[in-house]
Amino acid sequence: MTALTLLFTLASIGISETVYLIRTREKAELPVCPIGEGCAVVLTSRWSKILIIPNDVMGFLAYIAIAFMSALLLIEVEPTALFSLALKILVGFASLASIFFTYLQARVIRAWCFWCLMSACTIWLMGLIIIFSKTI
Amino acid sequence: MNKTAYNILRVGLGITFLWIGIIILKEPEAWGSYIQNWVVELLPLPIKDIMISTAILDIIIGFLLLIDTWVWIAAIVGALHLVVVLVVSGITEITVRDLGIMAGMFALFAQTLPQSIIQKFKRKPTPLAP
(Lines give C-alpha, C1' and ligand atoms only; values in the text may rest on other atoms or scores of the structure.)
Protein backbone atom coordinates (compact mmCIF):
# COMPACT_ATOMS: atom_id res chain seq x y z
CA MET A 1 0.00 0.00 0.00
CA THR A 2 2.84 2.41 0.81
CA ALA A 3 4.23 2.20 -2.73
CA LEU A 4 0.81 2.80 -4.26
CA THR A 5 0.20 5.71 -1.85
CA LEU A 6 3.49 7.28 -2.91
CA LEU A 7 2.72 6.75 -6.61
CA PHE A 8 -0.71 8.27 -6.18
CA THR A 9 0.66 11.24 -4.25
CA LEU A 10 3.34 11.91 -6.86
CA ALA A 11 0.79 11.58 -9.67
CA SER A 12 -1.49 14.05 -7.87
CA ILE A 13 1.37 16.55 -7.57
CA GLY A 14 1.99 16.01 -11.29
CA ILE A 15 -1.68 16.64 -12.11
CA SER A 16 -1.62 19.88 -10.14
CA GLU A 17 1.60 21.01 -11.83
CA THR A 18 0.47 20.21 -15.39
CA VAL A 19 -2.91 21.90 -14.81
CA TYR A 20 -1.00 25.03 -13.77
CA LEU A 21 1.13 24.89 -16.94
CA ILE A 22 -1.91 24.29 -19.18
CA ARG A 23 -3.77 27.21 -17.57
CA THR A 24 -0.90 29.66 -17.96
CA ARG A 25 -0.36 28.56 -21.58
CA GLU A 26 -4.05 29.01 -22.42
CA LYS A 27 -4.04 32.47 -20.85
CA ALA A 28 -0.88 33.27 -22.85
CA GLU A 29 0.90 34.05 -19.58
CA LEU A 30 4.40 33.04 -18.58
CA PRO A 31 4.62 30.61 -15.66
CA VAL A 32 6.33 31.63 -12.44
CA CYS A 33 9.83 30.18 -12.51
CA PRO A 34 10.75 29.54 -8.83
CA ILE A 35 14.37 28.63 -9.64
CA GLY A 36 16.28 29.94 -12.67
CA GLU A 37 14.94 31.96 -15.57
CA GLY A 38 14.67 29.41 -18.37
CA CYS A 39 11.03 28.33 -17.96
CA ALA A 40 9.70 30.71 -20.63
CA VAL A 41 12.48 29.78 -23.07
CA VAL A 42 11.79 26.05 -22.72
CA LEU A 43 7.99 26.25 -22.55
CA THR A 44 7.71 28.42 -25.64
CA SER A 45 10.31 26.52 -27.68
CA ARG A 46 9.34 24.40 -30.67
CA TRP A 47 9.94 21.34 -28.48
CA SER A 48 7.02 22.21 -26.21
CA LYS A 49 4.77 20.15 -28.50
CA ILE A 50 5.01 16.68 -29.92
CA LEU A 51 3.25 16.82 -33.28
CA ILE A 52 0.21 18.93 -32.31
CA ILE A 53 -0.19 17.89 -28.68
CA PRO A 54 1.44 20.16 -26.07
CA ASN A 55 3.72 18.31 -23.66
CA ASP A 56 1.81 19.64 -20.65
CA VAL A 57 -1.38 17.96 -21.92
CA MET A 58 0.51 14.69 -22.51
CA GLY A 59 1.90 14.94 -18.98
CA PHE A 60 -1.52 15.66 -17.52
CA LEU A 61 -3.03 12.61 -19.23
CA ALA A 62 -0.12 10.42 -18.11
CA TYR A 63 -0.45 11.56 -14.48
CA ILE A 64 -4.22 11.02 -14.54
CA ALA A 65 -3.69 7.48 -15.90
CA ILE A 66 -1.03 6.73 -13.25
CA ALA A 67 -3.23 8.04 -10.41
CA PHE A 68 -6.20 6.09 -11.75
CA MET A 69 -4.28 2.82 -12.06
CA SER A 70 -2.68 3.24 -8.60
CA ALA A 71 -6.16 3.72 -7.15
CA LEU A 72 -7.54 0.68 -8.98
CA LEU A 73 -4.61 -1.43 -7.76
CA LEU A 74 -5.19 -0.30 -4.18
CA ILE A 75 -8.90 -1.11 -4.32
CA GLU A 76 -7.87 -4.44 -5.92
CA VAL A 77 -10.11 -4.11 -8.94
CA GLU A 78 -9.56 -7.00 -11.35
CA PRO A 79 -7.57 -7.56 -13.54
CA THR A 80 -4.85 -6.32 -11.17
CA ALA A 81 -2.07 -8.02 -13.17
CA LEU A 82 -3.07 -6.05 -16.27
CA PHE A 83 -3.27 -2.73 -14.37
CA SER A 84 0.10 -3.42 -12.75
CA LEU A 85 1.68 -4.15 -16.15
CA ALA A 86 0.08 -1.08 -17.73
CA LEU A 87 1.33 1.09 -14.85
CA LYS A 88 4.88 -0.21 -15.27
CA ILE A 89 4.83 0.33 -19.04
CA LEU A 90 3.41 3.85 -18.67
CA VAL A 91 5.93 4.91 -16.01
CA GLY A 92 8.75 3.30 -18.01
CA PHE A 93 7.73 5.14 -21.17
CA ALA A 94 7.31 8.42 -19.25
CA SER A 95 10.77 7.97 -17.69
CA LEU A 96 12.34 7.58 -21.13
CA ALA A 97 10.43 10.62 -22.40
CA SER A 98 11.69 12.59 -19.38
CA ILE A 99 15.28 11.61 -20.20
CA PHE A 100 14.72 12.85 -23.76
CA PHE A 101 13.20 16.16 -22.60
CA THR A 102 16.00 16.70 -20.08
CA TYR A 103 18.53 16.05 -22.87
CA LEU A 104 16.73 18.64 -25.04
CA GLN A 105 16.97 21.23 -22.27
CA ALA A 106 20.66 20.54 -21.71
CA ARG A 107 21.92 20.20 -25.29
CA VAL A 108 19.40 21.65 -27.73
CA ILE A 109 17.46 24.47 -26.06
CA ARG A 110 20.29 25.20 -23.61
CA ALA A 111 17.96 26.43 -20.90
CA TRP A 112 16.52 24.78 -17.82
CA CYS A 113 12.85 24.80 -16.90
CA PHE A 114 12.03 24.26 -13.21
CA TRP A 115 8.60 22.73 -13.92
CA CYS A 116 9.97 20.34 -16.57
CA LEU A 117 12.74 19.17 -14.25
CA MET A 118 10.29 18.78 -11.38
CA SER A 119 8.07 16.66 -13.62
CA ALA A 120 11.03 14.57 -14.75
CA CYS A 121 12.12 13.98 -11.15
CA THR A 122 8.55 13.03 -10.21
CA ILE A 123 8.44 10.44 -13.00
CA TRP A 124 11.91 9.04 -12.19
CA LEU A 125 10.94 8.77 -8.52
CA MET A 126 7.86 6.82 -9.58
CA GLY A 127 10.13 4.53 -11.62
CA LEU A 128 12.37 3.93 -8.59
CA ILE A 129 9.35 3.19 -6.39
CA ILE A 130 8.11 0.61 -8.91
CA ILE A 131 11.57 -0.97 -9.22
CA PHE A 132 12.03 -1.32 -5.46
CA SER A 133 8.41 -2.13 -4.61
CA LYS A 134 7.45 -5.73 -3.93
CA THR A 135 3.72 -5.07 -4.12
CA ILE A 136 3.33 -3.57 -7.59
CA MET B 1 -2.49 34.37 2.11
CA ASN B 2 0.78 34.06 0.24
CA LYS B 3 0.30 32.40 -3.20
CA THR B 4 2.87 29.69 -2.48
CA ALA B 5 1.30 28.90 0.89
CA TYR B 6 -2.12 28.77 -0.75
CA ASN B 7 -0.93 26.32 -3.43
CA ILE B 8 0.82 24.05 -0.91
CA LEU B 9 -2.31 23.99 1.28
CA ARG B 10 -4.60 23.41 -1.73
CA VAL B 11 -2.56 20.55 -3.23
CA GLY B 12 -1.92 18.95 0.16
CA LEU B 13 -5.58 18.96 1.10
CA GLY B 14 -6.54 17.84 -2.42
CA ILE B 15 -4.29 14.78 -2.17
CA THR B 16 -5.61 14.03 1.33
CA PHE B 17 -9.25 14.11 0.19
CA LEU B 18 -8.56 12.11 -2.97
CA TRP B 19 -6.65 9.43 -1.13
CA ILE B 20 -9.07 9.09 1.76
CA GLY B 21 -11.88 8.69 -0.78
CA ILE B 22 -10.02 5.85 -2.46
CA ILE B 23 -9.21 4.16 0.86
CA ILE B 24 -12.88 4.35 1.88
CA LEU B 25 -13.88 2.80 -1.48
CA LYS B 26 -11.56 -0.12 -0.67
CA GLU B 27 -13.24 -0.93 2.65
CA PRO B 28 -16.47 1.07 3.02
CA GLU B 29 -17.92 -1.09 5.79
CA ALA B 30 -14.76 -0.90 7.90
CA TRP B 31 -14.83 2.89 7.70
CA GLY B 32 -18.53 2.84 8.48
CA SER B 33 -17.76 1.22 11.81
CA TYR B 34 -16.46 4.58 13.05
CA ILE B 35 -19.98 5.99 12.88
CA GLN B 36 -21.70 6.08 16.25
CA ASN B 37 -24.70 3.82 16.86
CA TRP B 38 -27.22 6.61 17.37
CA VAL B 39 -26.33 7.93 13.88
CA VAL B 40 -26.55 4.48 12.26
CA GLU B 41 -30.12 4.15 13.53
CA LEU B 42 -31.05 7.42 11.80
CA LEU B 43 -29.53 6.55 8.42
CA PRO B 44 -32.06 6.00 5.59
CA LEU B 45 -29.61 3.87 3.55
CA PRO B 46 -27.28 0.93 4.33
CA ILE B 47 -23.99 2.04 5.86
CA LYS B 48 -22.03 0.67 2.88
CA ASP B 49 -23.96 2.90 0.44
CA ILE B 50 -23.49 5.94 2.68
CA MET B 51 -19.75 5.34 2.89
CA ILE B 52 -19.43 4.82 -0.89
CA SER B 53 -21.27 8.15 -1.42
CA THR B 54 -18.91 9.77 1.08
CA ALA B 55 -15.91 8.37 -0.76
CA ILE B 56 -17.15 9.73 -4.09
CA LEU B 57 -17.76 13.15 -2.51
CA ASP B 58 -14.23 13.11 -1.05
CA ILE B 59 -12.75 12.22 -4.46
CA ILE B 60 -14.67 15.04 -6.20
CA ILE B 61 -13.56 17.56 -3.54
CA GLY B 62 -9.95 16.39 -3.79
CA PHE B 63 -9.90 16.55 -7.58
CA LEU B 64 -11.39 20.08 -7.66
CA LEU B 65 -8.76 21.27 -5.17
CA LEU B 66 -6.02 19.63 -7.18
CA ILE B 67 -7.01 21.24 -10.49
CA ASP B 68 -7.64 24.61 -8.80
CA THR B 69 -11.25 24.80 -10.00
CA TRP B 70 -14.26 25.92 -7.90
CA VAL B 71 -11.93 25.82 -4.90
CA TRP B 72 -14.26 27.87 -2.67
CA ILE B 73 -17.15 25.45 -3.28
CA ALA B 74 -14.95 22.38 -2.78
CA ALA B 75 -13.45 23.94 0.37
CA ILE B 76 -16.75 24.81 2.04
CA VAL B 77 -18.33 21.45 1.12
CA GLY B 78 -15.22 19.69 2.43
CA ALA B 79 -15.17 21.72 5.64
CA LEU B 80 -18.87 21.09 6.30
CA HIS B 81 -18.36 17.41 5.44
CA LEU B 82 -15.66 17.28 8.13
CA VAL B 83 -18.01 18.95 10.61
CA VAL B 84 -20.46 16.11 9.91
CA VAL B 85 -17.67 13.52 10.27
CA LEU B 86 -16.73 14.94 13.67
CA VAL B 87 -20.39 14.93 14.79
CA VAL B 88 -21.19 11.39 13.63
CA SER B 89 -17.96 9.73 14.76
CA GLY B 90 -17.02 11.95 17.70
CA ILE B 91 -13.60 13.41 18.38
CA THR B 92 -11.38 10.35 18.89
CA GLU B 93 -7.63 9.77 18.69
CA ILE B 94 -8.11 9.31 14.91
CA THR B 95 -10.63 12.01 14.07
CA VAL B 96 -8.83 14.67 16.12
CA ARG B 97 -6.64 15.24 13.06
CA ASP B 98 -9.74 16.13 11.08
CA LEU B 99 -9.89 19.32 13.13
CA GLY B 100 -6.68 20.49 11.45
CA ILE B 101 -7.91 19.45 7.99
CA MET B 102 -11.20 21.23 8.63
CA ALA B 103 -9.38 24.40 9.66
CA GLY B 104 -7.31 24.18 6.48
CA MET B 105 -10.47 23.84 4.38
CA PHE B 106 -12.03 26.88 6.07
CA ALA B 107 -8.81 28.80 5.38
CA LEU B 108 -8.98 27.85 1.68
CA PHE B 109 -12.64 28.86 1.60
CA ALA B 110 -11.87 32.23 3.17
CA GLN B 111 -9.05 32.77 0.70
CA THR B 112 -10.99 31.86 -2.46
CA LEU B 113 -14.49 33.15 -1.76
CA PRO B 114 -15.36 35.39 -4.74
CA GLN B 115 -15.56 39.14 -4.10
CA SER B 116 -19.07 39.23 -5.61
CA ILE B 117 -20.33 37.01 -2.79
CA ILE B 118 -18.41 38.89 -0.09
CA GLN B 119 -19.97 42.16 -1.29
CA LYS B 120 -23.47 40.71 -0.97
CA PHE B 121 -22.93 40.03 2.71
CA LYS B 122 -21.18 43.30 3.50
CA ARG B 123 -23.36 45.75 5.38
CA LYS B 124 -24.11 48.80 3.28
CA PRO B 125 -23.46 52.12 5.06
CA THR B 126 -26.72 53.75 6.14
CA PRO B 127 -27.09 57.24 4.68
CA LEU B 128 -26.86 60.04 7.23
CA ALA B 129 -30.12 61.75 8.14
CA PRO B 130 -30.42 65.30 6.69
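This is a predicted model: local features need pLDDT of at least 70, side-chain atom pairs count only at pLDDT 80 or more; totals for chains, interfaces and linings use all residues.
Now, which residues of α5(A) are buried? They are A:W115, A:C116, A:S119, A:A120, A:T122, A:I123 and A:M126. Look down the helix axis. These buried residues fall within an arc of 155°, so they line one face of α5(A). And what do they pack against? Four helices of chain A: α1 (2–26), α2 (39–43), α3 (55–75) and α4 (80–109). Turn to the face directed away from the buried side. There the exposed residues are A:L128, A:I131 and A:F132.

Next, the core. The largest nonpolar core holds 54 residues. A:A11, A:I66 and B:L65 have the most contacts inside it. Which helix gives the most to this core? α3(A) does, with 10 residues.

Stay with B:L65 for a moment. Set aside its neighbours within four places in sequence. B:L65 is then in contact with B:R10, B:L13, B:G14, B:F17, B:V71 and B:A74.

On to the interface. In it, 11 residues of chain B are in contact with 11 residues of chain A. On the chain B side, helix α1 (residues 3–26) supplies the largest share, 8 residues. That side of chain B divides into 8 nonpolar, 1 polar and 2 charged residues.

Now the backbone, and some angles to check. Most residues other than glycine have a negative phi, and most peptide bonds are trans. Here are the exceptions I picked out.

Start in the loop between α3 and α4 of chain A, where A:P79 lies. The peptide bond from A:E78 to A:P79 is cis, with omega near 0°. A:E76 also sits in the loop between α3 and α4 of chain A. Its phi is near 65°, a positive value in a residue that is not glycine. Is A:E76 buried or exposed? Exposed, because A:E76 has 9 C-beta neighbours inside 10 Å, and 12 or fewer counts as exposed.

B:D68 is in the loop between α4 (47–66) and α5 (71–89) of chain B. Phi of B:D68 is near 60°, again positive in a residue other than glycine. With 18 other C-beta atoms within 10 Å, B:D68 is partly exposed.

Last topic: annotation. An unreviewed UniProt entry gives "transmembrane region" for residues 57–75, 82–103 and 109–132 of chain A. How do such spans look in the model? Residues 57–75 of chain A are 100% helix and 0% strand, with end C-alpha atoms 27 Å apart. Residues 82–103 of chain A are 100% helix and 0% strand, and the ends lie 32 Å apart.

For chain B, the UniProt annotation "transmembrane region", also from an unreviewed entry, covers residues 7–25, 45–65 and 70–88. Residues 7–25 of chain B are 100% helix and 0% strand, and their end C-alpha atoms are 27 Å apart. Residues 45–65 of chain B are 90% helix and 0% strand, with 29 Å between the end C-alpha atoms.

How values were computed
Residues are numbered from 1 along each chain as its sequence is written. Chains are lettered from A and ligands numbered from 1 in the order in which they are written. Two residues are in contact if their C-beta atoms, placed from the backbone, lie within 7 Å. Helices (H or I, at least four residues) and strands (E, at least two) are DSSP runs, numbered from the N terminus. Ala, Val, Leu, Ile, Met, Phe, Trp, Tyr, Cys and Pro count as nonpolar, Asp, Glu, Lys and Arg as charged, and the others, Gly among them, as polar. A residue is buried if 20 or more other C-beta atoms lie within 10 Å of its own, exposed if 12 or fewer, and partly exposed in between; C-beta atoms are placed from the backbone. The arc is that of the directions from the helix axis to the C-beta atoms. A nonpolar core is a set of buried Ala, Val, Leu, Ile, Met, Phe, Trp, Tyr and Cys residues joined through C-beta atoms within 7 Å. UniProt positions are given in the numbering used here, feature names are shortened, and annotations may be inferred rather than shown by experiment.
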